[in-house]
Amino acid sequence: TMAEKSFKYVIVGGGVSAGYAAREFSKQGVKPGELAIISKEAVAPYERPALSKAYLFPQGTARLPGFHVCVGSGGERLLPEWYTEKGIELILSTEIVKADLASKTLVSAAGEVFKYQVLVIATGSTVIKLTDFGVQGADAKNILYLREIDDADKLVEVIKAKKSGKAVIVGGGYIGLELSAALRMNDIDVSMVYPEPWCMPRLFTAGIAAFYEGYYANKGVEIIKGTVAVGFTADANGEVKEVKLKDGRVLEADIVVVGVGGRPLTSLFKGQVEEEKGGIKTDAFFKTSVPDVYAIGDVATFPMKLYNEIRRVEHVDHARKSAEQAVKAIKASEEGKTIDEYDYLPFFYSRSFDLSWQFYGDNVGDAVLFGDNDAASPTHKFGSYWIKDGKVVGAFLEGGTPEENKAIAKVARVQPPVDNLDLLTKEGIGFASKI
Ligand code: FDA
Ligand code: NAD
């Protein structure tokens with residue numbers, strides 16, 4: 001039988017939030033041997049956003065150890081040695097397959113047993129697969145997904161093998177838009193397929209989407225909207241050859257990349273902890289319904305104070321900040337102290353080709369578009385405000401300077417009143433800059 005290992009703190013999951021939690025533990029003071037990170041991945045925590053961007057670029061390619069946390073937020077890069085120096089045990093290539101919160105025990109796939117006093121759940125999300133809903137032929141080779149570094153390596157390999165080939169991207173969300181661009185930059189012929197009338201419908205208005213669709217079209221990406229992939233055919237090697245669409249069209253494909261959404265990894269804890277909105281329910285300190293158990297990052301459904309609502313957020317800024325909040329709360333509670341409640345302002349961003357946008361706040365209410373959103377314009381810069389109950393509650397900006405991005409963040413936080421939407425359209429970014 002294998003020896004049991006025991007730690008004061010265990011973080012299960014070794015992604016973005018785990019890495020930022022480790023840094024915060026170290027800042028707050030953790031003794032050698034007190035903290036362990038247990039991760040299914042073979043590498044130390046890294047900035048996941050790089051996988052759909054520079055990791056795939058033909059030039060200026062990013063590789064580890066270049067993008068370990070916390071470089072994505074301008075912080076120190078935590079190399080594997082950093083964990084060793086701090087006495088933080090990094091237990092890699094180790095999947096936890098069983099969690100018993102009552103006895104404070106975790107069991108790995110290899111049968112190792114881990115005990116903890118305080119558990120931080122940081123398992124993140126996994127991809128929704130087309131095989132999950134039985135799409136015919138969806139298990140063919142070269143139908144790829146992207147979540148972890150192994151997936152990215154597989155993609156890099158297939159991009160090399162299928163030079164100047166054809167790719168079909170299924171999904172018009174974050175993965176769809178970022179991967180279409182990355183593959184196009186690799187000289188691959190790209191078609192994008194998604195069911196909605198415009199891309200990124202969770203966030204974009206029709207006006208915002210029109211710019212990106214125009215820009216992508218100019219870059220040679222073919223966009224096919226309002227339909228879905230219903231089947232795939234493969235060649236004699238089992239490699240994907242064709243994508244069959246619901247509208248009857250058939251597309252040739254050497255590579256298929258699927259980005260049809262994520263699913264938070266909560267199944268280890270099913271029935272043991274309260275859940276809500278698909279995630280593990282927490283308070284403003286990321287404490288779950290079970291004593292000494294915290295949940296951070298993608299898996300946490302937490303109170304969003306600003307909107308008086310509980311929500312889950314699947315973005316890196318929240319992964320970082322929730323990790324820091326939870327660790328501060330854990331340390332404070334040991335000293336009988338309290339800290340301020342989490343007061344999160346949603347921040348999402350994306351980059352593709354030479355484009356870059358940021359969004360802050362809430363995309364509810366009336367949207368007004370401002371600026372130059374002509375996809376063919378070399379000086380394009382545009383944005384959108386969302387107005388609810390006479391106040392600006394959200395702001396989006398493409399191509400903003402650091403100062404302008406700061407200004408839209410401030411607007412979303414301050415929620416200034418507006419009565420004249422036409423004026424807002426005319427003022428554009430100027431409105432935010434004077435808040
Ligand atoms: P994360 O997924 O980072 O980490 C979870 C970790 O837990 C993984 O290492 C996993 O292997 C491990 N794990 C899971 N189950 C386990 C088990 N049972 N045992 C052991 N280990 C287990 N956001 C953004 O704002 N801007 C961006 O540009 C991007 N770009 C981007 C690109 C790509 C390709 C992806 C997939 C995602 C993004 N995101 C993003 C989203 C962002 O990366 C995401 O919200 C954070 O990584 C969430 O951090 P977590 O720590 O919660 O999960
Ligand atoms: P997403 O939710 O952003 O987009 C999924 C898209 O797929 C939507 O447009 C959806 O309607 C569409 N879709 C659903 N079913 C479909 C079908 N059968 N055929 C075609 N399209 C279908 O999810 P994603 O792009 O897969 O991203 C996965 C996760 O990674 C998310 O948590 C996301 O936040 C994260 N991520 C974030 C960033 C970023 O913030 N820049 C970048 C990459 C990934």
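I take contact to mean heavy atoms within 4.5 Å, and I take helices (H or I, at least four residues) and strands (E, at least two) as DSSP runs numbered from the N terminus. The model is predicted, so I note that local features need pLDDT of at least 70, that side-chain atom pairs count only at pLDDT 80 or more, and that totals for chains, interfaces and linings use all residues. Residues are numbered from 1 along each chain as its sequence is written, chains are lettered from A and ligands numbered from 1 in the order in which they are written, and side-chain values use heavy atoms, with hydrogens and water left out.

**Entry 1: helices α1 and α6**

I looked up how α1 (residues 16-28) runs against α6 (residues 316-334), and found that their axes come within 8 Å and cross at roughly 35 degrees; the axes are lines fitted to C-alpha atoms over the stretch in contact, with angles from 0 to 180 degrees between N-to-C directions. The crossing of α1 with α6 is right-handed, a term used when the near helix is turned clockwise from the far one by less than a right angle.

On the α1 side I list Val16, Ser17, Tyr20, Ala21, Arg23, Glu24, Phe25 and Gln28, and these meet residues of α6 including Val316, Ala319, Ala323 and Val327. By class, I count nine nonpolar, two polar and six charged residues in this contact, where Ala, Val, Leu, Ile, Met, Phe, Trp, Tyr, Cys and Pro are nonpolar, Asp, Glu, Lys and Arg are charged, and the others, Gly among them, are polar.

**Entry 2: ligand 1**

I then turned to ligand 1, which 32 residues surround, the closest being Ser17, Glu41, Lys53, Glu148 and Asp298; a residue is near if one of its heavy atoms lies within 4 Å. Both α1 and α6 supply at least two residues each to this shell, and the whole shell divides into 12 nonpolar, 11 polar and nine charged residues.

For polar contacts (pairs of N or O atoms within 3.5 Å), I noted that oxygen atoms of ligand 1 lie 2.8 Å from a polar side-chain atom of Arg48 and 2.6 Å from a side-chain N or O atom of Lys53. A backbone N or O atom of Val316 is 3.0 Å from an oxygen atom of ligand 1. Of the 990 Å² of accessible area that ligand 1 has on its own, the protein covers 95%, by the Shrake-Rupley method with a 1.4 Å probe.

**Entry 3: ligand 2**

Around ligand 2 I found 20 residues, with Ile175, Glu196, Gly261, Glu314 and Tyr349 the closest. Polar backbone atoms lie 3.1 Å from an oxygen atom of ligand 2 at Tyr174 and 2.8 Å from one at Gly261, while His315 places a polar side-chain atom 2.9 Å from an oxygen atom of ligand 2. The protein covers 82% of the 840 Å² of accessible area that ligand 2 has on its own.

The elements giving two or more residues to this shell are α4 (174-185) and β22 (347-352), and the largest share, three residues, comes from α4. I record the shell of ligand 2 as eight nonpolar, seven polar and five charged residues.

**Entry 4: backbone geometry**

I checked the peptide bonds and found a cis bond joining Leu64 and Pro65, with omega about 10 degrees; Pro65 sits in the loop between β2 (35-38) and α2 (80-86). Another cis peptide bond joins Val69 and Cys70, with omega about 10 degrees, and Cys70 is found in the loop between β2 and α2.

Finally, I noted that Ser93, although not a glycine, has a positive phi of about 50 degrees, and that Ser93 lies in the loop between β3 (89-91) and β4 (96-100).

Notes:
A polar contact is a pair of N or O atoms within 3.5 Å; within protein, one must be able to donate a hydrogen and the other to accept it, and residues adjacent in sequence count only if both atoms are side-chain atoms.
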